[in-house]
Amino acid sequence: MSFPNGSQQPAAAPSEQGGGNGQHGFAGQLAESEPAPATSGSALVKVYGSGEAGVRALDNVDIGFAGGRFSAIMGPSGSGKSTLMHCLAGLDTPTSGRVMLGETDLTGLSDKQLTLTRRDRIGFLFQSFNLLPTLTAEQNILLPLELSGRKPDRQWLNELTESLGIDQRLRHRPSELSGGQQQRVAVARALVTRPEVVFADEPTGALDSKSGANLLEFLRGSVRQFGQTVVMVTHDPVAASHADSVVLLADGNIAGRIEEPTQEAVLDSLRRLGG
Ligand SMILES: Nc1ncnc2c1ncn2[C@@H]1O[C@H](COP(=O)(O)OP(=O)(O)OP(=O)(O)O)[C@@H](O)[C@H]1O
């Protein structure tokens, strides 16, 4: 799996911004010349339940992910990774704080506006593929465009499906495809709208290691070649080592950040966090 004429030149990659201890506003840390992050949250608090039984899943988190980068979110079980991703992606609402997608304040949108924003500007990739079983691979890929009444860019579709090695499988239904092929269909669906950010939740969790590595290399290629922004939650240090950087969470707080992560560096940090 690779991009045709794949350039090895990294896209412009301003380094990721993230509050170290959640005490400073994210915006305050940006130099004036730096572009706004592709996705960010400031003073994010998420409390599930209330009173004694309440769980503070995010505890005043300031975080931003620059565009054109492949970022991973890691941390021990229950540290708030999924909650953070769901809040940034507009799938969940923070109890307080602000979520920005580019220049758009998601926390200020109505439910309908949020739905449209997710559909038109965000790509999603889940562990369980989430393909519709009655649709062919191609129909699944084109579904987000269909829903928004947009015409498919055939050239882009061909480029994507050829790069992913699924161009010969487009008439098949998901049940006729391997797990790796199904996830590649899901990747094409996530990228077909040219979203501002792709959020991936354990995208390799259901794949064998070779299919997983191929998928991660493809995602990395999409970042390198056309500046896609990818934010991925993962438990897997091998998966995280494909990213440009890793943000570590512990107990609902940002606990650190690793640039150009190696598997060993990630494992080391997780051990220190008790993950
Ligand atoms: N819907 C919910 N209701 C109540 N508590 C929740 C809910 N969702 C998450 N939590 C709690 O919030 C905390 C953070 O959960 P979250 O799923 O974000 O963590 P995580 O780091 O993604 O965990 P894992 O790695 O196990 O998937 C945990 O203590 C969890 O039990």
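How do the residues of the shell around the ligand divide into nonpolar, polar and charged? They come out as 4 nonpolar, 7 polar and 1 charged, where Ala, Val, Leu, Ile, Met, Phe, Trp, Tyr, Cys and Pro count as nonpolar, Asp, Glu, Lys and Arg as charged, and the others, Gly among them, as polar.

1. A word on the model: it is predicted, so to speak of local features pLDDT must be at least 70, and side-chain atom pairs count only at pLDDT 80 or more, while totals for chains, interfaces and linings use all residues. Residues are numbered from 1 along each chain as its sequence is written, and side-chain values use heavy atoms, with hydrogens and water left out.

2. On the shell: the residues surrounding the ligand include Tyr48, Val55, Lys81 and His235 (a heavy atom within 4 Å is the criterion). Helix H1 (81-88) and strand E3 (55-65) are the elements that give two or more residues, and H1 gives the most, with 3. Helices (H or I, at least four residues) and strands (E, at least two) are DSSP runs, numbered from the N terminus.

3. Now the polar contacts (pairs of N or O atoms within 3.5 Å). A polar side-chain atom of Thr83 sits 2.5 Å from a ligand oxygen. For a side-chain N or O atom of His235 the distance to a ligand oxygen is 2.8 Å, and for a polar backbone atom of Ser79 it is 3.1 Å. Of the 640 Å² of accessible area that the ligand has on its own, the protein covers 58% (Shrake-Rupley method, 1.4 Å probe).

Key. Polar contact = N/O pair within 3.5 Å; in protein donor to acceptor, adjacent residues only side chain to side chain.
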